Amino acid sequence: PVLGVIHTVLNKEKAKELKLEELEYGALITGDRAKKEFGVIPGSPAEKAGLKLDDVILEVDGEKVTEQNTLQSMVQKHTPGGKLKLKVWRAGSTFEVTVTLDERKEEK
């Protein structure tokens, strides 16, 4: 299963370093525009759900995203076509969105 984001897992120190003091956990959607890494992969379930660069995925199906309970490990518990309810932080407010996971495509 694939969600389609490039992310960094936040902890208290990392969040403070990134000036996101109000957050202590989550998966920050990151990217490097210079390398054409956009954080949210075009056409992915994450893009279809409206996720954006600098969003922080706080929870998956009510479970906090942490260093011990990573976004990747939570996604891997599901199958392609499965639905996840994400709690997302964006610019100071939170919202929920449901995404339908896709199947990982082999790189050609």
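## Exposure classes and model

A residue counts as buried under 20% relative accessible area, as exposed over 50%, and as partly exposed in between. Glu96, at 53% relative accessibility, therefore counts as exposed. The model is predicted. Of the 108 residues of the chain, 37% count as buried.

## Overall fold

The chain has three helices and six strands. Read from the N terminus, the order of elements is β-α-β-α-β-β-α-β-β.

The radius of gyration of the chain is 13 Å, which agrees with the value near 13 Å for a compact globule of 108 residues. Along the principal axes, the C-alpha atoms occupy a box of roughly 35 × 35 × 25 Å. Among contacts with a separation of 6 or more, 52% are between residues 24 or more positions apart.

## Salt bridges

Side chains of opposite charge can pair when their charged atoms come close. With a cut-off of 4 Å between a side-chain nitrogen of Lys or Arg and a carboxyl oxygen of Asp or Glu, the count is four salt bridges.

Lys14 and Glu17 form a salt bridge with an N to O distance of 3.5 Å. Lys14 is partly exposed, with a relative accessible area of 28%, whereas Glu17 is exposed at 54%.

Which residue forms a salt bridge with Asp55? The partner is Arg90, and the closest N and O atoms of the pair are 2.7 Å apart. Is Asp55 buried or exposed? Asp55 is buried, with a relative accessible area of 1%, while Arg90 is partly exposed at 27%. The closest N and O atoms of Glu96 and Lys85 are 3.7 Å apart, and these two residues also form a salt bridge. Lys85 has a relative accessible area of 43% and is partly exposed.

## Positive phi angles

Asp61 is not a glycine, yet has a positive phi of about 50°. Asp61 lies in the loop between β3 and β4 (63–64) and is partly exposed at 39% relative accessibility.

Ala91, also not a glycine, has a positive phi of about 50°. Its location is the loop between β5 and β6. Ala91 counts as exposed, with 73% relative accessibility.

## Surroundings of Ile6

Ile6 belongs to the segment before β1 (7–10). With 32% relative accessibility, Ile6 is partly exposed. Which residues does Ile6 contact, leaving aside neighbours within four places in sequence? They are Leu28, Ile29, Thr30, Glu37 and Gly39.

Lys87 is 81 residues from Ile6 along the chain, and the C-alpha atoms of the two are separated by 17 Å.

## Largest pocket

The largest pocket has a volume of about 460 Å³. Its lining consists of 20 residues, and Val2, Leu3, Gly4, Ile41 and Arg104 are those nearest the pocket centre.

Which helix gives the largest share of the lining? Helix α3 (residues 71–76) does, with four residues. Sorted by class, the lining of the largest pocket comprises nine nonpolar, six polar and five charged residues.

Notes:
Residues numbered from 1 in each chain as written. Predicted model: local features only at pLDDT ≥ 70, side-chain atom pairs only at ≥ 80, totals over all residues. Heavy atoms only, no water. 1 Å grid on protein atoms, 1.4 Å probe; cavity = no way out; pocket = protein on both sides within 12 Å on 5 of 7 lines; lining within 4 Å. Points joined across faces, edges and corners; volume = space filled by probe spheres on them. Helix = DSSP H or I, 4+ residues; strand = E, 2+ residues; numbered from the N terminus. Nonpolar A, V, L, I, M, F, W, Y, C, P; charged D, E, K, R; others polar. Buried < 20%, exposed > 50% of the residue type's maximum accessible area, 1.4 Å probe, protein only. Rg over C-alpha atoms; globule rule 2.2 N^0.38 Å. Contact = heavy atoms within 4.5 Å.
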